[in-house]
Amino acid sequence: AIIESLEKVPDTDHPESSVLGYINIYPFYGKLNLFNYVVHFDIYVSPGGGNMTTERGSSLALGGNLGMGIWWSQYLSTRIEYKYLNYNASPLSQKNEMIHQSGLNISMGVLL
């Protein structure tokens with residue numbers, strides 16, 4: 001009965017904390033004319049890395065971001081960003097497992 005209950009426990013190594021640093025690089029910026037309304041935009045990349053601490057240890061984490069900002073007016077902007085991060089985890093059933101995390105973020109900003 002004890003062995004059966006242990007088999008039902010998920011075999012994961014959850015992240016507990018991280019210290020990450022990124023360098024923002026803006027290689028492109030410009031203006032778009034949308035139906036006689038000019039909007040400004042910028043495209044950026046952010047390579048980076050740091051340390052990821054999990055339940056069973058810590059490892060080097062490497063990642064990066066790729067995004068675009070659109071300024072609709074002097075006070076309103078939109079950002080679309082793809083994020084990627086990878087690091088090693090140590091679940092109970094394996095020695096090391098490479099974790100690949102990615103996500104898409106869309107945000108609106110208001111400058112007061």
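**Note on His40 and the strands around it**

1. His40 sits in strand β3. The model is a predicted one. Strand β3 covers residues 37–54.

2. Is His40 buried, exposed or partly exposed? Its relative accessible area is 38%. That value lies between the 20% limit for buried and the 50% limit for exposed, so His40 counts as partly exposed.

3. Now the contacts. Leaving aside residues up to four places away in sequence, His40 touches Gly30, Lys31, Gly69, Ile70 and Trp71. One of these, Lys31, has His40 as its bridge partner in β3. Another, Gly69, is 29 residues from His40 in sequence. The C-alpha atoms of His40 and Gly69 are 8.3 Å apart.

4. On to the pairing of β2 with β3. Strand β2 spans residues 25–34. Its pairing with β3 is antiparallel, with 8 bridges. The two strands form a hairpin with 2 residues between them. Phe35 in this hairpin has a positive phi near 55°.

5. Strand β4 takes in residues 57–71. How many bridges does β4 make with β3? There are 15, in the antiparallel sense. Here too the strands make a hairpin, with 2 residues between β3 and β4. Within this pairing, Met68 of β4 lies opposite Ile43.

6. Strand β1, residues 15–22, also joins β3. The two run antiparallel and share 7 bridges. Pro15 has Thr54 of β3 as its bridge partner.

7. To sum up, β3 pairs with β1, with β2 and with β4. His40 belongs to β3 and is partly exposed.

Conventions
Residues numbered from 1 in each chain as written. Predicted model: local features only at pLDDT ≥ 70, side-chain atom pairs only at ≥ 80, totals over all residues. Heavy atoms only, no water. Pairing = 2+ DSSP bridges. Helix = DSSP H or I, 4+ residues; strand = E, 2+ residues; numbered from the N terminus. Buried < 20%, exposed > 50% of the residue type's maximum accessible area, 1.4 Å probe, protein only. Contact = heavy atoms within 4.5 Å.
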